[in-house]
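Hi,

Here is the structure I promised to send over. My notes on it follow below.

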Amino acid sequence: MKGFRATDSSIRMLKASAVLTALLSASIAFAQSSSFADINKQDSLAEIEKVCEVLTVQSDGRALSIIKRAMERDLRTNYSAVRVLHSWGAKDPVRIRRDQNDLGHNAVLFLSPLKRMGETSVDNGKNWVTFHPDSRTLYIQDSPIKRGVIGDPSVRFELLKRNYAVRSEGSDTVARRKSSIIRLVPKNEQSLFTRRFWVDDDKFVLLRVEWIDRDGTSRVVSETISIDFPESMPQERFQIKIAGEPRTIHVQAPQRMATISDLEKRVGFSIRQPIRMPFGFMLTGADAVIANNRAMAALRYTDGATNLTIYQAR
């Protein structure tokens, strides 16, 4: 199997990729991914033990419990929220409204800036539909929920425990909700970011997320302005209603492959895998992305708190 070694320049690229991946995920901190299909849960956890260098940094038992419940419930709770998102290197924030139900169905409406106002993304468990009002274009593909790529968070939690020291930092109020502040400190000193999460004390939904770089620079990348937790969410919330007839484009969703060998057969070229991934990242999936008669390979990795993808094309 061909491979490549992570150099300083590739590490910088991985950092940038990880930032983009985390911000574009459905949940900014705990977007879930299933473990690699040809590795069972026990083997996955054994692999985590093997590849992660665990330093003697102690975690807080209460903080671990809160983070575990947040990973289980953040994407599976009924709520309607307005949030402000700040990309790490961008000047202008993005304001969105997010509706979600306990099945993971979600609808995101962009409220600002003006150039993105009205953009809508809806995942109803069958289709993932995105509408761009300026071009009046509707993009439709199979839902990640339907494709079964949203999996059990237990493997991610075990990986997070091995890569981060998890500590409580008191309590706060965000969007009129009482919350616990949890800090994740990388055990690898060359890792990406320290993170602080404000977790709702009752619902275990993330209300605020802050990233802190190694030089001490910090930014709140997700801030909940308002949030409600209804008993149920009407299914109409997860349907896009558009006046007139928009241009509709059907997009082929990424295809999850069971093995790297299967992926190579599907895309028609040899896959170059990293010889060693920095920061404790572990391979969780391999997808074939087919579009415009061109095939790409997508290798999915996570360190437990951040997802990143390495794309390859011939």
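**The sheet and what packs on it**

In this predicted model, 12 strands form an open sheet with mixed pairing, in the order S8-S9-S10-S11-S12-S2-S3-S4-S5-S6-S7-S13. Strand S8 (164-174) and strand S13 (247-250) are the edge strands, each pairing on one side only. From one strand to the next, the twist averages 15°.

Take S9 and S10. Strand S9 (residues 177-186) and strand S10 (residues 194-200) run antiparallel and are joined by 6 bridges. Within this pair, valine 199 in S10 stands opposite serine 180. Helix H5 (residues 154-163) packs on the sheet and touches S8 and S9. The direction of H5 makes about 105° with that of S8.

**Asparagine 106**

Asparagine 106 is in strand S4 (residues 106-112). Asparagine 106 counts as buried because its relative accessibility is 10%, and the cut-off is under 20%. A polar atom of its side chain lies 3.1 Å from the backbone oxygen of glycine 104. Beyond its neighbours within four places in sequence, asparagine 106 is in contact with Arg98, Asp99, Gln100, Ser121, Val122, Asp123 and Phe238.

**Helix H6**

Ile260, Leu263 and Val267 are buried in helix H6 (residues 260-267). They cover an arc of only 55° around the axis, so they sit on the same side of H6. An α-helix has 3.6 residues a turn, so residues three or four places apart point the same way. The buried residues of H6 pack against strands S14 (255-257), S15 (273-276), S16 (282-291) and S17 (294-302). Glycine 268 follows H6, and its phi is positive, near 85°.

Best wishes

Methods:
Residues are numbered from 1 along each chain as its sequence is written. This is a predicted model: local features need pLDDT of at least 70, side-chain atom pairs count only at pLDDT 80 or more; totals for chains, interfaces and linings use all residues. Side-chain values use heavy atoms; hydrogens and water are left out. Helices (H or I, at least four residues) and strands (E, at least two) are DSSP runs, numbered from the N terminus. Buried means under 20% relative accessible area, exposed over 50%, partly exposed in between (1.4 Å probe, protein chains only). A polar contact is a pair of N or O atoms within 3.5 Å; within protein, one must be able to donate a hydrogen and the other to accept it, and residues adjacent in sequence count only if both atoms are side-chain atoms. Contact means heavy atoms within 4.5 Å. The arc is that of the directions from the helix axis to the C-beta atoms. Two strands pair if DSSP finds at least two bridges between them. Axes are lines fitted to C-alpha atoms, for helices over the stretch in contact, and angles run from 0 to 180 degrees between N-to-C directions.
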